[in-house]
Amino acid sequence: ASPERLPQALRTGLMSAAVAVHKPPSGHVARADGGIGHMRQPSLDRLKAKMLALNGYVAQRIEDTAEQAYLHPPSAIPSGDIYDPQSGRDKARPMRLSITLKPTPILVRGTSPHLGHLADNVEKEKNDRNGWHSVNPARFPVRSVGYLTNHKKTPSQNSVFRCVAVDVFQHGELVDDFARRPGAAAFDHLSRFPHAELFVLNIQLPGHPCYSLVKTFERIPRDESPPDLEPAQRLYDAFKEASPDFRDRRLKILANVLEGPLAIRAAMPNRPAILGTRIPLRWVQNERCLELVLDVGFSAVAAPIWRLMKGVTKKITLDLALIIEATSDDQLPESVLGCMQWHKPDFSMAPPAPVVSESCEW
């Protein structure tokens, strides 16, 4: 019978059945060729993690570019004309901005104790890696006046010490007391400047061989320091004469990875941490030098991070600052104790560590 002669109820039922046959079941989707395929539910947690990582990377790149442009104003470089195949005519290439940041190379044994003096003796390719920078202390937030009540932080205006040299040595066992090792920057600096006072950060990195990354900081004379640095100067004087337990509880480190693999950036958040709670500390004190030894191999937190970094150090750039924690109003505002930037170091050319001299000439 023709559809027009069927009862209305029967025609409605047949049409509903036809729609049900061609409708994809739940959890499926119709394809363009008329077939039915599975519909994949997106993972919100996976998408959220990817978006957070992308937002953090983009924000950091924008901040790095803006800071480099401030430190080194860009120069416009005309690139000449190019040929346009569509119009058949030459057209001017747009102006291109070039921003370069030249690091200071890491000191090797037998060269000048001031790393800046070594810059003219190395090739540009070597100067692009295996180096360090002096950075502005304002890049690091510290506790401001009134922090104990309002918990506000402000950029550090000054630092108690300035970085003057970075050594890297290799050895078969952990070594320290670089102020008494001729050939190390700390020893040479104390010998050349009889009134200098140093703070040495000796990072012991385990492996075969072991490495010592030795950062030498020189104290800025008080007559050259601004008045707002006086609380930090007094705090360091007390810190220097205090017990090792007191130093372990009060010294903070702040590391900010500017460039490097995402896994390392995630493992090193840009937050201050009390060093004594994460890494075993050893202190070596001489007449004009206080040395802090960080034994990374005995730290459950730092050792896994070093294993991640060991093979990709030539791809890592990070800012590093030391801060003595202020716990009372008379110690505020805080100031950075010393800071520097670690710029893509290459440990493959590290010389052997110098031996300790029994008689210090400085």
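Asp295 is buried, with a relative accessible area of 7%. This is a predicted model. Asp295 forms a salt bridge with Arg282, and the structure holds 14 salt bridges.

**Strand β13**
- β13 runs antiparallel to strand β11 (residues 161-171), and 10 bridges join the two.
- Phe169 has Ser212 in β13 as its bridge partner.
- β13 also runs antiparallel to strand β12 (residues 198-205), with 8 bridges between them.
- Asn202 stands opposite Val214 in β13.
- A hairpin is formed by β12 and β13 with 4 residues between them, and Gly207 in the turn has a positive phi of about 150°.

**Salt bridges**
- In the pair of Arg282 and Asp295, the closest N and O atoms are 3.4 Å apart.
- Arg282 lies in strand β16 and Asp295 in strand β17, so the pair ties together parts that are 13 residues apart in sequence.
- Arg282 is partly exposed, with a relative accessible area of 30%.
- Glu325 and Arg143 meet through their side chains in a salt bridge (3.0 Å, N to O).
- This pair links distant parts of the chain, 182 residues apart: Glu325 is in the loop between β18 and β19, and Arg143 is in strand β9.
- Glu325 counts as buried at 15% relative accessibility, and Arg143 counts as buried at 13%.
- A network of salt bridges links Glu197, Arg219, Arg222, Glu230, Asp237 and Lys240.

How values were computed:
Residues are numbered from 1 along each chain as its sequence is written. This is a predicted model: local features need pLDDT of at least 70, side-chain atom pairs count only at pLDDT 80 or more; totals for chains, interfaces and linings use all residues. Side-chain values use heavy atoms; hydrogens and water are left out. Two strands pair if DSSP finds at least two bridges between them. A salt bridge is a side-chain nitrogen of Lys or Arg within 4 Å of a carboxyl oxygen of Asp or Glu. Buried means under 20% relative accessible area, exposed over 50%, partly exposed in between (1.4 Å probe, protein chains only).
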